[in-house]
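Here is a friendly walk through one protein model, a few spots at a time. Have a look at it first, then read on.

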Amino acid sequence: MSQSQPLPSAPPGAARAAADTRPVRFRVFRWKKGDETPHFDEFTVGAGPATTVLDGLVAIRTTQDPSLTLRHSCFHASCGTCGMRVNEREVLACVTNVRELGTETVTVEPIANQNLVSDLATDMVDLYGRLDVVDRPLIRQSEIHPDSEVADGVAEHGRFEDCIECGLCLSACPIVASDPRYLGPAALAAAWRVVDEPRGRDGVAVLALTDDAQGSWRCHLAFECSEACPSNVDPAAAIMLLRRRSAGERLRTILGRRDAR
């Protein structure tokens with residue numbers, strides 16, 4: 001006769017964490033293909049001290065409404081797929097703490113200025129198209145720590161670009177909202193990478209592409225793109241650097257023509 005085993009005890013602090021869970025109202029944007037107009041649905045979610053907006057949305061879909069559509073993947077701010085608007089600000093839902101928002105209601109909407117697919121999910125094809133125009137490489141060879149060692153089976157170190165393609169800068173940009181021809185902060189920041197560090201690309205051609213009324217000169221210096229960026233890319237600074245480089249090239253051209261006379 002086998003002896004019964006005691007049930008495992010709860011992890012330390014589990015009871016305390018459960019006691020500190022508070023109900024929070026989520027007001028979630030809803031729209032499906034075929035709907036005449038979008039609307040908001042409200043849900044109540046238990047939020048602990050570490051609960052994120054993405055945790056709340058996944059809980060809603062799992063336990064309350066499986067038809068809720070949203071995009072997510074890594075849960076730690078690396079993939080950019082859970083970018084959305086929370087209380088009218090562009091954020092990554094996976095690292096946005098519900099309790100730290102300090103509001104009784106958490107309003108969640110899809111990012112702006114992208115094609116809406118369903119509920120909180122948007123089609124990112126427009127963002128990718130803008131990035132393709134400037135021929136941005138995904139891997140860069142710079143900024144490798146000099147004392148680092150290459151792992152077995154790896155030819156050399158490579159580092160992914162800091163842009164995680166979340167689209168938050170496009171959503172926050174007031175110019176993108178009013179002018180679909182504007183190249184946009186993500187592409188312009190990527191363009192500066194190519195101009196400053198060509199890595200086999202044609203930096204001169206990319207600079208010429210951005211030196212345009214719908215390129216770097218279309219920016220109105222709102223700096224909302226840099227404020228929204230979760231990866232510290234600082235698109236606004238990149239746009240200013242593109243302008244300075246373009247202005248310098250124009251000046252050199254003018255002086256060269258004058259000297260040739």
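## Two helices side by side

An axis here is a line fitted to C-alpha atoms, for helices over the stretch in contact, and angles run from 0 to 180 degrees between N-to-C directions. H3 passes H6 in a right-handed crossing; that means the near helix is turned clockwise from the far one by less than a right angle, while anticlockwise makes a crossing left-handed.

Which residues meet? Leu127, Arg130 and Leu131 on the H3 side are in contact with Ala186, Ala187 and Ala190 on the H6 side, where contact means heavy atoms within 4.5 Å.

## What you're looking at

This is a predicted model, so local features need pLDDT of at least 70 and side-chain atom pairs count only at pLDDT 80 or more, though totals for chains, interfaces and linings use all residues. Residues are numbered from 1 along each chain as its sequence is written, and side-chain values use heavy atoms, with hydrogens and water left out.

The protein chain has nine helices and nine strands. Both are DSSP runs numbered from the N terminus: helices are H or I with at least four residues, strands are E with at least two. Among contacts with a separation of 6 or more, 60% link residues 24 or more positions apart.

## H6 has another partner

H6 (residues 185–196) also pairs up with H7 (residues 203–210): the axes come within 8 Å and cross at roughly 150 degrees. That makes H6 and H7 roughly antiparallel. This time the crossing is left-handed.

On the H6 side, Leu188, Ala191, Val194 and Val195 do the meeting, and Gly203, Val206, Leu207 and Thr210 are their counterparts in H7.

Gly46 belongs to strand S2, which spans residues 39–47. Is this glycine buried, exposed or partly exposed? Gly46 counts as partly exposed because its relative accessibility is 44%. Skipping residues up to four places away in sequence, Gly46 touches Thr21, Arg22, Pro23 and Thr51. Thr21 is 25 residues away along the chain, yet the C-alpha atoms of Gly46 and Thr21 are separated by 5.7 Å.

Asp65 sits in the loop between helix H2 (53–63) and strand S3 (83–86), and with 16% relative accessibility Asp65 counts as buried. Its side chain makes a polar contact with the side chain of Ser67 at 2.5 Å. A polar contact is a pair of N or O atoms within 3.5 Å; within protein, one must be able to donate a hydrogen and the other to accept it, and residues adjacent in sequence count only if both atoms are side-chain atoms. Leaving out neighbours within four places in sequence, Asp65 is in contact with Arg30, Phe43 and Ile60.

## Cysteines without a bond

How many disulfides are there? The count is zero, going by a cut-off of cysteine sulfur atoms within 2.5 Å. For Cys82, the nearest cysteine sulfur is that of Cys94, 3.6 Å away. Cys82 is buried, at 4% relative accessibility.

Cys166 is in no disulfide either, and its nearest cysteine sulfur, from Cys229, is 6.3 Å away. Cys166 is buried too, at 9% relative accessibility.

Methods
Buried < 20%, exposed > 50% of the residue type's maximum accessible area, 1.4 Å probe, protein only. Parallel < 35°, antiparallel > 145°, perpendicular 65-115°, else oblique.
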